[in-house]
Amino acid sequence: MQAIDSIQIEGKLSTLSISEPADLFESWLGNRSIASIGTNAGAPEIPFQGWRHFKEAFPPELIARAVRESDIRVATCLDPFGGSGTSALACQFLGIRPTTIEVNPYLSDLIEAKLSTYHLPALRGAFNRLIARVDDMEVSADLNAFKRNAPATFVEPGVDSKFIYKRAILKRLLQFRSAIDLVRDERLRRLFKVLLGSVAIPVSNVTVSGKGRRYRGGWRDRLTKTQDVDRLFSELVQGAEADLKLFGSRPVRDYSLLRGDARLLTAKSEPIDLVVFSPPYPNSADYTDVYNVELWTLGYLNSRASNAELRARTLSSHVQLQRVYAAPPNGSKLLTAVLAKLQEQRNELWHRDIPAMIGAYFADMRTILHSIYGRLSARGKVFMVVGESRYADVKIPTAPILSALSADLGFQVLSQEPFRSMRVAPQQGGRPGLAETLIVLRKPRT
Ligand SMILES: C[S@@+](CC[C@H](N)C(=O)[O-])C[C@H]1O[C@@H](n2cnc3c(N)ncnc32)[C@H](O)[C@@H]1O
């Protein structure tokens with residue numbers, strides 16, 4: 001492991017004398033102590049995690065705890081629902097080789113940008129060249145294509161006079177996108193693109209939360225200028241450079257990122273000693289919606305069909321897409337009872353596919369747990385953070401159902417630890433009284 005000393009950050013001298021991965025990990029988190037692993041408060045201040053605030057992320061301390069509590073030595077760790085890359089990045093700090101899977105291409109790039117190694121003078125040089133050419137980027141054709149293909153709400157005149165971007169702001173974002181496309185180094189291109197993604201919402205007329213997209217109060221009077229795009233992007237690049245100066249040299253720089261559907265790719269993971277993850281909750285939120293503005297603005301989506309294709313590859317946790325739902329799995333009597341209750345109340349449900357979606361959610365999760373079992377070392381553990389949801393009067397008790405399905409697959413269920421009630425839960429849009437639970441499983445010796 002490499003020692004780091006005397007790091008110069010914007011004129012300030014900060015000396016880190018670090019010899020162990022655990023020390024480096026603690027120093028990455030600012031030696032903070034958090035009340036519970038259920039809180040991700042303070043994430044924007046953690047180097048790398050502030051590149052894009054990801055409300056649904058769990059704190060890196062969860063990965064440290066899972067490693068500490070493992071019964072076997074942990075050399076490799078899998079997170080099949082990578083999100084903002086918390087598990088994989090924490091693993092690099094802890095000296096563990098990470099494998100992670102993520103279906104959303106914008107989030108996959110965010111993960112890879114964090115896990116990559118950079119040459120800082122090259123980064124600065126590429127940034128300076130980018131800034132020098134951005135004004136000259138000719139994007140009329142891109143703007144027209146965007147208007148033709150993206151949902152009409154994206155750019156003025158919008159729909160019913162409501163729109164996400166003023167034309168000038170979208171044009172500036174597209175100029176940056178084109179200038180970034182000309183960056184030769186793939187890693188730097190990806191880093192800049194991801195950081196431009198973090199500008200997309202602040203310069204728009206909307207905010208996005210687990211509850212969906214909303215127009216900002218007083219958005220019509222808001223004076224967003226094209227210079228705001230330039231300033232925010234520049235600040236983000238400077239912030240990323242500072243993080244990389246301090247923590248670019250981690251004990252493990254290696255990683256494996258599988259871009260695509262965890263239902264198919266988990267079985268293709270390398271052999272693993274530990275699994276830590278939080279899947280989408282069965283609450284009808286779709287990450288394709290949550291990150292839709294970035295997906296379109298950065299060019300990951302360019303047609304309605306590409307939007308639908310991405311949705312189809314996400315876990316069956318929402319009903320935004322008409323699809324063939326997998327049949328509910330056997331192995332949990334509680335699931336059978338819950339599905340019967342949903343059927344009884346189907347006239348009260350806001351969408352007729354909800355019972356089928358819930359059945360398919362647990363079928364998908366069973367598939368993933370089955371694949372994990374196949375790749376996990378004997379006596380290896382799984383740490384899984386899951387959340388309940390509710391439809392009409394029917395609560396979906398996700399933790400006991402997943403525990404029963406896991407036991408049916410051969411796992412030992414070591415604990416179910418409720419750690420927060422989702423009063424302001426990101427994935428649930430703030431509904432009270434729904435539990436989030438940490439389930440710990442172990443694969444038996446043989
Ligand atoms: C709760 S978030 C994970 C957050 C993560 N633990 C973190 O700290 O950033 C769930 C993630 O699963 C991803 N996802 C949804 N369906 C998927 C699928 N079929 N395969 C892989 N990833 C999927 C979503 O895009 C989202 O990023």
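Hi everyone. A quick word on classes before we start: Ala, Val, Leu, Ile, Met, Phe, Trp, Tyr, Cys and Pro count as nonpolar, Asp, Glu, Lys and Arg as charged, and the others, Gly among them, as polar. With that in hand, we can turn to the ligand. Please keep in mind that this is a predicted model.

So, what does the shell around the ligand have by class? There are eleven nonpolar residues, six polar ones and five charged ones. Of the 22 residues around the ligand, the ones that come nearest are Ala-57, Phe-81, Gly-83, Thr-86 and Ala-262.

Where the two touch, domain 1 contributes 29 residues and domain 2 contributes 27 residues.

Let me stay on the domain 1 side of that contact for a moment. Helix 4 (105-115), helix 11 (287-290) and helix 12 (292-297) each supply at least two residues there. Which helix has the largest share? That would be helix 4, with five residues. Sorted by class, this side of domain 1 has 13 nonpolar, ten polar and six charged residues.

Next, the inside of the protein. The largest nonpolar core has 119 residues, and Ile-63, Leu-94, Leu-195, Leu-196, Val-275 and Val-276 are those with the most contacts inside it. Helix 15, residues 354-375, gives the most to this core, namely eleven residues. And where does the core sit relative to the domains? Domain 1 and domain 2 both give residues to it, so the core lies between them.

Setting aside neighbours within four places in sequence, Leu-196 is in contact with Leu-173, Phe-176, Arg-177, Ile-180, Phe-233 and Leu-298.

Strand 5 (residues 206-209) and strand 6 (residues 212-215) are paired in the antiparallel sense, over four bridges. Together strand 5 and strand 6 make a hairpin, with two residues between them. To find your place in that pairing, look for Val-206, which stands opposite Tyr-215 in strand 6.

Notes. Residues are numbered from 1 along each chain as its sequence is written. This is a predicted model: local features need pLDDT of at least 70, side-chain atom pairs count only at pLDDT 80 or more; totals for chains, interfaces and linings use all residues. A nonpolar core is a set of buried Ala, Val, Leu, Ile, Met, Phe, Trp, Tyr and Cys residues joined through C-beta atoms within 7 Å. A residue is buried if 20 or more other C-beta atoms lie within 10 Å of its own, exposed if 12 or fewer, and partly exposed in between; C-beta atoms are placed from the backbone. Domain bounds come from an automatic or database domain assignment. Two residues are in contact if their C-beta atoms, placed from the backbone, lie within 7 Å. A residue is near a molecule or strand if its C-beta atom, placed from the backbone, lies within 6 Å of it. Two strands pair if DSSP finds at least two bridges between them.
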